[in-house]
Amino acid sequence: PKTDIVFLKVHKSASSTVMNILFRFGETHNLTFAFPLGGGYQLYYPHHFLARFVQGFSPQSPRRFNILCHHMRFLQPEVQKVVPSSAIYFSILRNPVQLMESSFVYYKGASAFSRVRSLEEFLSQPYHYYNPASGDRHYARNLMTFDFGFNPDGEVSPERVQLMLKAIEASFDFLLISEYFDESMVLLKEMMCWDLDSVVSFPLNSRDSSTKSPLPDSVVKKLKAWNRLDWEIYIHFNRTFWERIDRDIGRERMRQEVKALRERQAELARTCLQGTGSVAPKDIKDSSLRPLQHGGARILGYNLKQGLDQELERTCRRLVTPELQYSSLLYKKQFPPQPP
């Protein structure tokens with residue numbers, strides 16, 4: 001199994017669920033993580049990543065970490081200073097239309113969104129609300145482009161788009177697609193030589209459907225135009241995703257693998273969870289399993305069954321522990337607090 005990993009955690013793209021998979025894998029295999037200084041949750045995002053943002057990094061003793069997966073703005077020469085040269089690089093993308101709709105609800109406090117009632121209102125005259133010079137502009141335009149390290153306000157010429165796609169392909173071994181999450185997990189398992197249980201997951205940091213509403217076609221069209229760079233990235237890597245599946249796995253085997261993955265997930269859900277799945281934040285009984293609530297979104301969580309044996313309880317708990325709590329737990333394990 002591959003154990004040296006760089007995961008670019010793109011915002012609002014099922015990346016918290018992927019992060020949980022990496023946390024569990026790293027913990028099981030006693031791997032080290034490149035944590036943000038002081039045990040924070042982001043690597044000084046939205047600044048471009050620098051090696052010195054990582055706890056325990058020093059230029060004098062080039063210590064390498066197995067897994068880099070916290071939010072960052074990608075900058076490969078700096079990333080290479082903290083992970084082994086053999087590391088596998090991957091990320092996950094989401095349809096920019098749904099991505100922006102999610103971003104609008106989640107980052108409602110961002111300067112570009114704070115004065116509008118709806119996404120339609122914002123898109124009717126975006127430059128009235130959007131300031132390319134503001135420090136949080138990236139939440140409102142080409143968020144994936146920004147996370148990959150590029151300029152979200154760059155011009156959209158065919159040459160520039162090609163350069164960007166080539167740069168991403170040169171840096172990353174593969175990109176997953178959140179709309180095809182189960183297929184993505186099968187691909188991840190193949191590329192990493194991992195077993196099925198390593199890629200099993202329950203959706204984390206997902207929001208209650210009461211805050212979701214379908215967008216009219218006219219808005220979708222404006223969204224694609226406004227996020228044109230993201231759209232180009234998504235279209236290109238959605239195509240190469242399926243090309244890779246056809247080449248490396250084949251559709252028939254993919255169907256069987258997805259079926260096996262879903263059956264295992266259903267079995268774990270029956271074993272671990274009270275009720276049939278995720279619940280509203282107010283209904284989560286164990287406060288340590290309550291996810292961070294942000295913006296206008298209601299982030300769902302889980303209740304574990306009572307009376308599980310110790311080993312099983314541990315497995316189940318890991319599957320449903322929200323990102324911030326899990327990150328803190330692993331940080332304390334890797335950097336134990338010094339006794340006074």
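This is a predicted model: local features need pLDDT of at least 70, side-chain atom pairs count only at pLDDT 80 or more; totals for chains, interfaces and linings use all residues.
Figure 1. H3 is mostly covered, with 10 of its 11 residues buried. Among the buried residues of H3 are Pro-96, Leu-99, Glu-101, Phe-104 and Tyr-106.

**Figure 2. The N-terminal end of H3, capped by Asn-95.** A side-chain oxygen of Asn-95 lies 2.8 Å from the backbone nitrogen of Val-97. Val-97 is itself one of the buried residues of H3.

**Figure 3. The aromatic pair Tyr-107 and Tyr-139.** The whole structure contains 29 aromatic pairs. In the pair shown, the ring centres are 3.9 Å apart and the planes meet at 20°, under the 30 degrees that counts as stacked, so the pair is classed as stacked. Tyr-107 belongs to the loop between helix H3 (96–106) and helix H4 (119–124), and Tyr-139 to the loop between helix H5 (126–129) and helix H6 (143–147); the pair therefore ties together parts that are 32 residues apart in sequence. Tyr-107 and Tyr-139 are both buried.

**Figure 4. A cluster of aromatic rings.** Phe-104, Phe-113, Phe-122, Tyr-127, Tyr-129, Tyr-130 and Trp-226 are linked into a cluster by ring pairs. Phe-104, a member of this cluster, is among the buried residues of H3.

**Figure 5. Charged side chains placed over aromatic rings.** Lys-12 has its charged end over the ring of Tyr-106, 3.5 Å from the ring centre; Tyr-106 is a buried residue of H3. The charged end of Arg-73 is positioned over the ring of Phe-146, 3.7 Å from the centre of that ring.

Notes: Residues are numbered from 1 along each chain as its sequence is written. Side-chain values use heavy atoms; hydrogens and water are left out. Rings of Phe, Tyr and Trp (its six-membered ring) pair if their centres lie within 6.5 Å; planes under 30 degrees apart count as stacked, over 60 as edge-to-face and the rest as tilted. Helices (H or I, at least four residues) and strands (E, at least two) are DSSP runs, numbered from the N terminus. Buried means under 20% relative accessible area, exposed over 50%, partly exposed in between (1.4 Å probe, protein chains only). A charge sits over a ring if NZ of Lys or CZ of Arg is within 6 Å of the ring centre and within 35 degrees of the ring normal. A polar contact is a pair of N or O atoms within 3.5 Å; within protein, one must be able to donate a hydrogen and the other to accept it, and residues adjacent in sequence count only if both atoms are side-chain atoms.
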